[in-house]
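User: Please go through the structure below with me, one question at a time. I would like each answer to state the criteria it relies on.

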Amino acid sequence: MEKLTRYGLGKLQAEVLELVWEMGEATVSQLVEHIEKTRQITYTTVLVAMQKLEKKGWLTHRSEGRAY
C-alpha cells in the first residue's frame, strides 16, 4: 500500500485499489463488507474513493442494476 501512496493515492484509495486487484473486480458493497472486517466504513466513503480512482485512471466501472 505504501508504494501506491507514492502515486498520489490516499490510504483508503490504495487499500481499495489493492482489494479490487486481488478480487479481479468488486462492487462497492463487496469492498465495504471486506473493509468492515477491520473497521467501520460507509458505502458512500468507499464509493467516493472508487470514483476518485476512476478519475485518476486507476479504475473503470460499469453499473449493473443498482450496483456500482
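User: At roughly what angle do the axes of helix 3 and helix 4 cross?
Analyst: This is a predicted model, in which local features need pLDDT of at least 70 and side-chain atom pairs count only at pLDDT 80 or more, while totals for chains, interfaces and linings use all residues. Helices are DSSP runs of H or I with at least four residues, strands are runs of E with at least two, and both are numbered from the N terminus; axes are lines fitted to C-alpha atoms, for helices over the stretch in contact, with angles running from 0 to 180 degrees between N-to-C directions. On that basis, the axes of helix 3 (residues 28–35) and helix 4 (residues 43–55) come within 9 Å, and their crossing angle is roughly 115°.

User: Which handedness does the crossing of helix 3 and helix 4 have?
Analyst: The criterion is how the near helix is turned from the far one by less than a right angle, anticlockwise giving a left-handed crossing and clockwise a right-handed one. For helix 3 and helix 4 the crossing is right-handed.

User: How many nonpolar residues does the contact of helix 3 with helix 4 have?
Analyst: With contact taken as heavy atoms within 4.5 Å, Val28, Ser29, Leu31, Val32 and Ile35 of helix 3 meet Tyr43, Val46, Leu47 and Met50 of helix 4. Ala, Val, Leu, Ile, Met, Phe, Trp, Tyr, Cys and Pro count as nonpolar, Asp, Glu, Lys and Arg as charged, and the others, Gly among them, as polar. By these classes the contact has no charged residues, one polar residue, and a nonpolar count of eight.

User: Which residues of helix 3 make the contact with helix 2?
Analyst: By class, this contact of helix 2 with helix 3 has seven nonpolar, two polar and one charged residues. Helix 2 contributes Leu12, Glu15, Val16, Leu19, Val20 and Met23, and the partners in helix 3 are Gln30, Leu31, His34 and Ile35.

User: Which residues of helix 4 make the contact with helix 2?
Analyst: The axes of helix 2 and helix 4 come within 9 Å and cross at roughly 80°, which means that helix 2 is roughly perpendicular to helix 4. From helix 2 the contact takes Leu12, Gln13, Val16 and Leu17, and from helix 4 it takes Thr45, Val46, Ala49, Met50, Lys52 and Leu53.

User: Is Gln13 buried or exposed?
Analyst: Gln13 lies in helix 2 (residues 11–23) and, not counting residues up to four places away in sequence, touches Gly8, Ala49, Lys52, Leu53 and Lys56. Relative accessible area under 20% means buried, over 50% exposed and in between partly exposed, with a 1.4 Å probe and protein chains only. Because its relative accessibility is 9%, Gln13 counts as buried.

User: What is the relative accessibility of Ala49?
Analyst: Ala49 is in helix 4 and, leaving aside neighbours within four places in sequence, is in contact with Leu12, Gln13 and Val16. Ala49 counts as buried because its relative accessibility is 5%.

User: How far apart are the C-alpha atoms of Leu12 and Met50?
Analyst: Residues are numbered from 1 along each chain as its sequence is written, and side-chain values use heavy atoms, with hydrogens and water left out. Leu12 and Met50 are 38 residues apart along the chain, and their C-alpha separation is 9.5 Å.

Note on methods
Parallel < 35°, antiparallel > 145°, perpendicular 65-115°, else oblique.
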